[in-house]
Amino acid sequence: MTTEHAERQLTDESVMPVSPRPLTVKAYGITDRGKVRTTNEDQFLIAELTKSMRVWQTSLPEPKVQVGEQRAHLFLVADGMGGHRAGERASALAVVAIEQFTLNTFQWFFGSNDAAAQKILAQFQSALGQADARILEEATEHPELSGMGTTVTMAYHLGAQLCVVHVGDSRAYMFREGELHRLTEDHTVTADMVRSGTLRPDEVAGHRLRHVITNVVGGQQLGVRVEARALEVHAGDRLLLCSDGLTEMVTNEAIAATLDAEPEPEAAATKLLAQANDGGAPDNITLLIVRFDPAESDATSRDAR
């Protein structure tokens, strides 16, 4: 697999709306402190959202808690920074803030269409703004944590729609039909230089500023720029969210080859983690892999045809 095909941006044509089909989700996440760091400042989250009803009293012989058929899913990776365990605190605060937003504020009972996706993206952009404020508030109360911050790369799935929001230099990828597509941009000094044409992509790896992040949740001042996009997800797609502890050690070609060889999320994640550690792993490593499969009834009807 060539470099050209190992990392490609999904074009507008490749994410044109299609007739939504029910999908099932299988996901696995893993985090590791690596070979050099003594602590792990990364966090991840895999969660399912459901509609539920708690029955207080009824004359019917039915369960006290009933759960609806519709399912949504939330996937998140956060890579904290700040030193003296401040990074660990920042990434944890961000995850908790997003969890609380999702439970108490987020209106997720939308249809799976473009208009609904834009509403969802706006809500999660607001959620990251709230997480940003929460981290700054904590740093104000505890000056030893001043400057702490975190990346956040998050995906929300409902029906055939995937909404991705992102801050920092963790990444989201989609593996589709044997090709690895990058869904997010790095918010770093060197990435900005590449985009402006002042630095070639092949010069990034050795550049002294390659780890300097320009946009974080938290940090020195209030305010965060949230990258957001929505796309259709297809049966057979696999989503990868990861911290830069993986992408600094494992090439896009190796990531694509592993996803191609290992269809099971747990097996693929375990293999990618081992590859990062084998490369020396100077940073924490976190990744989660999501596989989207056709619902059983959909697969059965297709096989019958």
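## Salt bridges

R195 and E185 join their side chains in a salt bridge, at 3.1 Å from N to O. The term covers a side-chain nitrogen of Lys or Arg within 4 Å of a carboxyl oxygen of Asp or Glu. R195 sits in helix α4 (residues 189–196) and E185 in the loop between β8 (179–182) and α4, so the pair ties together parts 10 residues apart in sequence. R195 is partly exposed at 42% relative accessible area; E185 is partly exposed at 31%. Buried means under 20% relative accessible area, exposed over 50%, partly exposed in between (1.4 Å probe, protein chains only).

E138 and R134 also form a salt bridge (3.1 Å, N to O). They lie 4 residues apart in helix α3, about one helical turn. E138 is buried at 6%, while R134 is partly exposed at 29%. The structure holds 16 salt bridges. K26, E264, R291 and D293 form a network of them.

## Model basis

This is a predicted model: local features need pLDDT of at least 70, side-chain atom pairs count only at pLDDT 80 or more, and totals for chains, interfaces and linings use all residues. Residues are numbered from 1 along each chain as its sequence is written, and side-chain values use heavy atoms, without hydrogens and water.

## Nonpolar cores

The largest nonpolar core has 36 residues; F124, V152 and Y156 touch the most other members. Such a core is a set of buried Ala, Val, Leu, Ile, Met, Phe, Trp, Tyr and Cys residues joined through side-chain atoms within 4.5 Å. Helix α3 gives the most to this core, 9 residues. A second, separate core of 20 residues includes L180, A269, L287 and I289.

Definitions and conventions
Helices (H or I, at least four residues) and strands (E, at least two) are DSSP runs, numbered from the N terminus.
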